[in-house]
Amino acid sequence: MTVNAVGVDVSNGHSTVAVLHPLGEAAALPFEVSHTPDGLKALAERLKGYDGETRVILEHTGRYYESIANALYENGLWVSAVNPLLVKEYGA
């Protein structure tokens, strides 16, 4: 099964999104999405358009991540919010 990896750098009101196919092949150049209903709907549709399963990882930053995580989950995407401090310390 093909699994696409989506990384989301969350900010206040917008996020930067990167999508990788298996083996690290870029599916698209990183792009920005606004946290508006239309922006999040367009993001969900775009991510659902890739072949295979798509898994989204985003940083748990205050409450900024909630709107994007909820919108993607409600559109049937696999979503995981992680603490950025734990990710930073993982390599240590």
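## Histidine 35 and its surroundings

A polar contact is a pair of N or O atoms within 3.5 Å, where, within protein, one atom must be able to donate a hydrogen and the other to accept it. In this predicted model, the side chain of histidine 35 reaches the backbone oxygen of histidine 14 at a distance of 3.5 Å.

Histidine 35 itself sits in the loop that runs between strand 3 (26-34) and helix 1 (37-48), and, because its relative accessibility is 15%, histidine 35 counts as buried. When neighbours within four places in sequence are left aside, the residues in contact with histidine 35 are Val10, Ser11, Gly13, His14, Ser15, Leu40, Tyr64 and Ser67.

## The nonpolar core

The largest nonpolar core contains 21 residues, and those with the most contacts inside it are Val8, Val17, Leu43, Leu47, Leu58, Ile68 and Leu72. Two or more residues are given to this core by each of strand 1 (3-10), strand 2 (14-20), strand 3, helix 1, strand 4 (53-59) and helix 2 (66-74).

Leucine 72, one of the residues with the most contacts inside the core, touches Leu43, Ala44, Leu47, Val56, Leu77 and Val79, if residues up to four places away in sequence are not counted.

## How the two helices cross

The axes of helix 1 and helix 2 come within 9 Å of each other and cross at roughly 50 degrees, which means that helix 1 is oblique to helix 2. On the side of helix 1, the contact is made by Leu40, Leu43, Ala44 and Leu47, while helix 2 contributes Ser67, Ile68, Ala71 and Leu72. The crossing in which helix 1 passes helix 2 is right-handed.

How values were computed: Residues numbered from 1 in each chain as written. Predicted model: local features only at pLDDT ≥ 70, side-chain atom pairs only at ≥ 80, totals over all residues. Heavy atoms only, no water. Helix = DSSP H or I, 4+ residues; strand = E, 2+ residues; numbered from the N terminus. Buried < 20%, exposed > 50% of the residue type's maximum accessible area, 1.4 Å probe, protein only. Contact = heavy atoms within 4.5 Å. Core = buried A, V, L, I, M, F, W, Y, C linked by side-chain atoms within 4.5 Å. Axes fitted to C-alpha atoms, helices over the stretch in contact; angles between N-to-C directions. Parallel < 35°, antiparallel > 145°, perpendicular 65-115°, else oblique. Left-handed = near helix turned anticlockwise from the far one by under 90°.
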